[in-house]
Amino acid sequence: NLNKLEDMPEDQIEYLCLDFTVVEEAMGSTETVDLIPNGADTDVDADNLPEFLESNFKYRMLGRVQPQLTELLLGFLDVIPECLLVPFDYQELELILCGLPHIDMEDWVANTEYTGALTGQPDHQLVKCWWEVVEKYDEEMKARLLQFVTATSGDPSRGFGYLQGNDGNIMKFTIMVVEKSECLYPRSHTCFNRINLPMYDSKEDL
């Protein structure tokens, strides 16, 4: 577990007898893959642990599926030339490919949770101001707000009551109200579908 390695005392890391390789098993065969050149001859210690973690993570997320990703990318670029994609980030590209969704505001409001300074207070004035502002947004701005908080710009397929976090568990849209001393502007936590909303004094400030 890579997380446990980060918490392990530095003087114990070398006793794990790790090197810069990973072992892959597929179709009954086993293959040792070097994470760096001559990885099998490079032992992991406290000094190079950050490099080991980074190379291991990159391999698990990208390297092991590099052939498949390459073919997928080549196929995609065969349909849409790369020069046409350069001006857009991934969020803008999603909106272009999927279009502007119709967001069910009633479902969104009904399935929003409130934490922090206004835990369990859906009728607080700040909450009312928030939804009044959002209601006035056009569909594009609503989609961008939803994307800012949840990393997706459309309604969940089964409604906001089944909105999922990055771990696949249901994690509803959440407004966490914080003091302005913590932050002056809203901050999003897409892993938790949560927006940190400062305790603004008026609708105009919001």
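A: The protein chain has a radius of gyration of 23 Å, whereas a compact globule of 206 residues would have one near 17 Å. That radius is taken over C-alpha atoms, and the globule rule is 2.2 Å times the number of residues to the power 0.38. The model is predicted: local features need pLDDT of at least 70, side-chain atom pairs count only at pLDDT 80 or more, and totals for chains, interfaces and linings use all residues. Residues are numbered from 1 along each chain as its sequence is written, and side-chain values use heavy atoms, with hydrogens and water left out.

Along the principal axes, the C-alpha atoms fill a box of roughly 65 × 50 × 30 Å. The chain holds 9 helices and 6 strands. These are DSSP runs numbered from the N terminus (helices H or I, at least four residues; strands E, at least two). Of the 206 residues, 30% count as buried. Buried means under 20% relative accessible area, exposed over 50%, partly exposed in between (1.4 Å probe, protein chains only).

Now the core. A nonpolar core is a set of buried Ala, Val, Leu, Ile, Met, Phe, Trp, Tyr and Cys residues joined through side-chain atoms within 4.5 Å. The largest one has 23 residues. Trp108, Trp130, Trp131, Val134, Phe173 and Ile175 have the most contacts inside it. At least two residues each come from helix H7 (105–110), helix H8 (125–136), H9, strand E4 (173–178) and strand E6 (194–198). H8 gives the most, with 5 residues.

Take Ile175. Not counting residues up to four places away in sequence, Ile175 touches Trp130 and Trp131, and also Thr112, Glu113, Tyr114, Thr115, Ile195 and Leu197. Contact means heavy atoms within 4.5 Å. A second, separate core has 12 residues, among them Val22, Leu35, Phe52 and Leu53.

Gln147 lies in helix H9 (residues 139–150). Gln147 counts as buried because its relative accessible area is 2%. Leaving aside neighbours within four places in sequence, Gln147 is in contact with Gln91, Glu94, Leu95, Thr152, Ser153 and Thr190.

Nonpolar residues also reach the surface. Phe57, Met61, Leu62, Val65, Leu69 and Leu72 form a nonpolar patch with about 570 Å² of accessible area together. Helix H3 (49–61) and helix H4 (66–79) each give two or more residues to the patch. Leu62 sits in the loop between H3 and H4. Leu62 is partly exposed because its relative accessibility is 46%.

Key. Patch = residues over 30% accessible without salt bridge, like charges linked within 9 Å, V, L, I, M, F, W, Y side chains within 5 Å. Areas by Shrake-Rupley, 256 points an atom, 1.4 Å probe, with all protein chains shown as cover. Salt bridge = Lys/Arg side-chain N within 4 Å of Asp/Glu carboxyl O.
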